[in-house]
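Dear colleague,

My notes on its sheet and helices follow it.

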Amino acid sequence: MHVCAVANQKGGVGKTTTVHNLGMALSRQMKTLLVDLDAQGNLTDACGLASTDVQASSYEVMAGDRAVPEAVFPLSNTLHLLPASRDLAVAELAFATRMGRENLLKKALLDLDYDYILLDCPPSLGLLTVNALTAAHSLLIPVQAEYYALAGLELIQQTMQSVREALNPSLSLLGVLLTFYDKRKSLNRDVAEGLRESLGDMLFSTCIRDNVALAEAPSNGKSIFEYRAKSFGAQDYGALANEFLARTRKI
Ligand SMILES: Nc1ncnc2c1ncn2[C@@H]1O[C@H](COP(=O)(O)OP(=O)(O)OP(=O)(O)O)[C@@H](O)[C@H]1O
Ligand SMILES: [Mg+2]
């Protein structure tokens with residue numbers, strides 16, 4: 001079993017879109033669990049689940065009130081979702097005085113029967129993201145092709161380093177994923193080149209192009225493969241899945 005956290009404290013960089021579509025692509029070959037750790041519940045919505053359908057969420061699981069198999073929602077035989085609920089909004093406070101509060105998710109994910117678990121983090125470096133990094137074998141950081149991309153990367157990499165030192169020495173950086181890429185924009189090309197220079201192999205060779213179908217699919221409760229199987233978005237997330245499989249096999 002390989003657990004991968006998809007995180008970046010910056011909002012709107014494609015974390016949720018990546019967890020949903022990469023997870024869908026992986027589930028063709030591998031038994032996969034998606035975990036929504038964001039109180040906004042964007043991943044839960046995108047998977048077509050209404051908040052009224054959510055009986056138990058990642059919050060109850062972290063609180064130790066439910067086991068994962070009781071709380072997951074099967075999207076297919078090989079793709080399951082552990083949904084979010086509004087309770088996550090108060091998780092920082094509710095868990096603040098618990099012993100081992102950084103390990104709650106790790107404990108909950110032990111001994112499950114999945115090949116891959118993808119964790120969709122909220123746009124902050126608070127306790128939920130720290131729980132994700134503590135539970136994970138690897139970190140995937142989506143970054144938008146814009147001027148501040150590199151500066152933002154430093155902060156998440158520092159957090160990764162602190163978690164490695166204090167909580168999870170085996171956490172590794174799987175890679176940085178460039179999203180919303182538009183090669184017609186010179187700024188995008190410059191940022192991509194800057195990232196390639198400073199990150200080398202740590203930048204995924206696959207990048208996710210700016211593609212309107214990716215923005216439309218969630219409102220239909222569908223992944224890109226169900227919504228527009230021939231779109232750039234489907235091509236890019238299909239390619240990412242292959243690169244992801246190759247990279248995780250080396251860890
Ligand atoms: N490559 C893309 N091209 C076009 N639109 C995209 C692309 N990736 C994501 N989007 C859209 O951009 C918005 C932000 O993406 P997403 O929700 O995945 O980001 P996020 O990092 O999870 O945001 P948050 O930090 O709020 O959780 C969404 O409306 C999504 O549908
Ligand atoms: Mg999100």
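A residue is called buried here if 20 or more other C-beta atoms lie within 10 Å of its own, exposed if 12 or fewer do, and partly exposed in between, with C-beta atoms placed from the backbone. Helices (H or I, at least four residues) and strands (E, at least two) are DSSP runs, numbered from the N terminus. The model is predicted: local features need pLDDT of at least 70, side-chain atom pairs count only at pLDDT 80 or more, and totals for chains, interfaces and linings use all residues. Residues are numbered from 1 along each chain as its sequence is written, and chains are lettered from A and ligands numbered from 1 in the order in which they are written.

An open sheet of seven strands runs in the order β3-β4-β2-β5-β1-β6-β7, with mixed pairing (two strands pair if DSSP finds at least two bridges between them). β3 (73-74) and β7 (172-179) each have a single partner strand, so one side of each lacks a neighbour in the sheet.

Strand β2 (residues 32-36) has five of its five residues buried. Thr32, Leu34 and Asp36 cover one side, and Leu33 and Val35 the other. The bridge partners of Val35 are Leu82 in β4 and Leu119 in β5.

Nine of the nine residues of helix α7 (residues 127-135) are buried, so this helix is largely enclosed by the rest of the structure. Among them are Leu127, Asn131 and Ala135.

Yours sincerely
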